[in-house]
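Reader: I have a structure open and would like to go through it piece by piece. Can I just ask as we go?
Author: Go ahead.

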Amino acid sequence: MSDMSSLNRKLIQTLAETISKQVDHFNKTEVECLIREFNVLLGECAASGRAVNGLDKEKFRSILHNNFGMTDDMIMDLAPLLVDPTVFRTFDRDNDSFVSLKEWIEGLSVFLRGTMDEKIKYCFQVYDLNSDNYISREEMFHLLKNSLIRQPTEEDPDEGIKDLVEITLKRMDHDHDGRLSFSDFEKAVKEENLLLEAFGTCLPDIMSTEAFEQHVFQEQLVL
Ligand SMILES: [Ca+2]
Ligand SMILES: [Ca+2]
């Protein structure tokens with residue numbers, strides 16, 4: 001092994017040690033694997049001539065698409081209401097338009113291994129498009145409109161979505177103020193777990209999660 005790669009290895013180990021103390025659900029070896037994977041993905045960004053302060057939106061979108069089968073029209077891009085793609089926004093905690101190494105590992109800890117409480121927080125954050133701590137009627141409408149498969153026979157699909165918003169509110173809006181606070185959302189999901197992704201898929205399914213973990217944690221260890 002060259003001096004350079006053993007130095008590199010040492011750096012990664014030190015970094016993994018630090019990060020594994022700050023992030024839940026991954027041990028030090030797993031964090032090391034995630035760092036290596038991040039470096040590979042970052043290298044692909046650099047190779048295409050883009051900035052490399054972290055994973056940019058374009059790269060992030062393709063990772064979600066290729067690894068987790070999540071399509072962009074679902075949750076990544078909710079024009080015209082949106083400032084930023086929503087899953088990206090929850091990963092990019094410091095809001096600098098890049099997902100840094102630490103943000104990548106923190107995001108994946110919820111994505112892959114989050115507890116129900118962590119997932120409730122995450123989904124609420126994704127659905128609260130303007131980050132005002134409420135999911136409004138308007139936000140529900142846009143989310144549902146994007147996530148539902150449109151029936152070509154329907155004359156006015158928007159009417160159907162409006163009805164669905166009202167039905168959902170009736171079910172989830174415990175304090176009856178016409179919008180969902182975090183506690184409304186949390187209470188409803190705890191009563192009925194299926195409501196976690198009521199406004200659109202924003203978490204990977206079990207199959208993709210297992211395949212991703214296999215790819216990152218096991219295949220890399222063999223190397
Ligand atoms: Ca960031
Ligand atoms: Ca909101």
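Reader: Which hand does the crossing of helix 2 and helix 6 have?
Author: The crossing of helix 2 and helix 6 is right-handed. Bear in mind that this is a predicted model.

Reader: At what angle do the axes of helix 2 and helix 6 cross?
Author: The axes of helix 2 (residues 28-47) and helix 6 (residues 101-113) cross at roughly 125° and come within 10 Å. Helix 2 is therefore oblique to helix 6.

Reader: Why quote both an angle and a distance?
Author: Two packed helices are described by the angle between their axes and the distance between the axes.

Reader: OK. Which residues of helix 2 and helix 6 meet?
Author: From helix 2 there are Val31, Leu34, Ile35 and Phe38, and they meet Leu101, Trp104, Ile105 and Leu108 in helix 6. The residues of this contact between helix 2 and helix 6 divide into eight nonpolar, no polar and no charged.

Reader: Now helix 8 and helix 9. How do their axes cross?
Author: The axes of helix 8 (residues 137-147) and helix 9 (residues 157-172) come within 9 Å, and the crossing angle is roughly 125°. Helix 8 and helix 9 are therefore oblique to each other, and their crossing is right-handed.

Reader: And which residues meet there, between helix 8 and helix 9?
Author: Helix 8 brings Arg137, Met140, Phe141, Leu144 and Lys145, which meet Ile161, Lys162, Leu164, Val165 and Thr168 of helix 9. For the contact of helix 8 with helix 9, the residues divide into six nonpolar, one polar and three charged.

Reader: Let's step back. How many helices and strands does the chain have?
Author: The chain has eleven helices and two strands. Starting at the N terminus, the order of elements is α-α-α-α-α-α-α-β-α-α-β-α-α.

Reader: What share of the chain counts as buried?
Author: Of the 223 residues of the chain, 28% count as buried.

Reader: Give me one residue, then. Is isoleucine 120 buried or exposed?
Author: Isoleucine 120 counts as buried, because it has 21 C-beta neighbours inside 10 Å. Its place is in helix 7.

Reader: What does isoleucine 120 touch?
Author: Not counting residues up to four places away in sequence, isoleucine 120 touches Phe185, Glu186, Val189 and Leu196. The C-alpha atoms of isoleucine 120 and lysine 187 are separated by 9.8 Å, although these two residues are 67 residues apart along the chain.

Reader: Where is alanine 188?
Author: Alanine 188 lies in helix 10 (residues 182-191). Alanine 188 counts as buried, with 20 C-beta neighbours inside 10 Å. Leaving aside neighbours within four places in sequence, alanine 188 is in contact with Arg171, Met172 and Leu195. The C-alpha atoms of alanine 188 and methionine 172 are separated by 5.5 Å, and these residues are 16 residues apart along the chain.

Reader: What about threonine 209, where does it lie?
Author: Threonine 209 lies in helix 11 (residues 206-222). With 17 C-beta neighbours inside 10 Å, threonine 209 counts as partly exposed. Setting aside neighbours within four places in sequence, threonine 209 is in contact with Leu112 and Pro204.

Reader: Changing topic. What is phi of asparagine 133?
Author: Phi of asparagine 133 is near 75°, a positive value in a residue other than glycine. Most residues other than glycine have a negative phi. Asparagine 133 sits in the loop between helix 7 (116-127) and strand 1 (134-135), and asparagine 133 is exposed, with 12 other C-beta atoms within 10 Å.

Reader: And phi of histidine 176, what is it?
Author: Phi of histidine 176 is near 55°, again a positive value in a residue other than glycine. Histidine 176 is in the loop between helix 9 and strand 2 (180-181). With 9 other C-beta atoms within 10 Å, histidine 176 is exposed.

Reader: Last one. Which residues does the UniProt annotation "domain: EF-hand" cover?
Author: In the unreviewed UniProt entry, that annotation covers residues 87-114, 115-150 and 160-195. In the model, residues 87-114 are 64% helix and 0% strand, with end C-alpha atoms 15 Å apart. Residues 160-195 are 64% helix and 6% strand, and their end C-alpha atoms lie 19 Å apart.

Methods:
Residues are numbered from 1 along each chain as its sequence is written. Chains are lettered from A and ligands numbered from 1 in the order in which they are written. This is a predicted model: local features need pLDDT of at least 70, side-chain atom pairs count only at pLDDT 80 or more; totals for chains, interfaces and linings use all residues. Helices (H or I, at least four residues) and strands (E, at least two) are DSSP runs, numbered from the N terminus. Two residues are in contact if their C-beta atoms, placed from the backbone, lie within 7 Å. UniProt positions are given in the numbering used here, feature names are shortened, and annotations may be inferred rather than shown by experiment. Axes are lines fitted to C-alpha atoms, for helices over the stretch in contact, and angles run from 0 to 180 degrees between N-to-C directions. Angles under 35 degrees count as roughly parallel, over 145 as roughly antiparallel, 65 to 115 as roughly perpendicular and the rest as oblique. A crossing is left-handed if the near helix is turned anticlockwise from the far one by less than a right angle, and right-handed if clockwise. Ala, Val, Leu, Ile, Met, Phe, Trp, Tyr, Cys and Pro count as nonpolar, Asp, Glu, Lys and Arg as charged, and the others, Gly among them, as polar.
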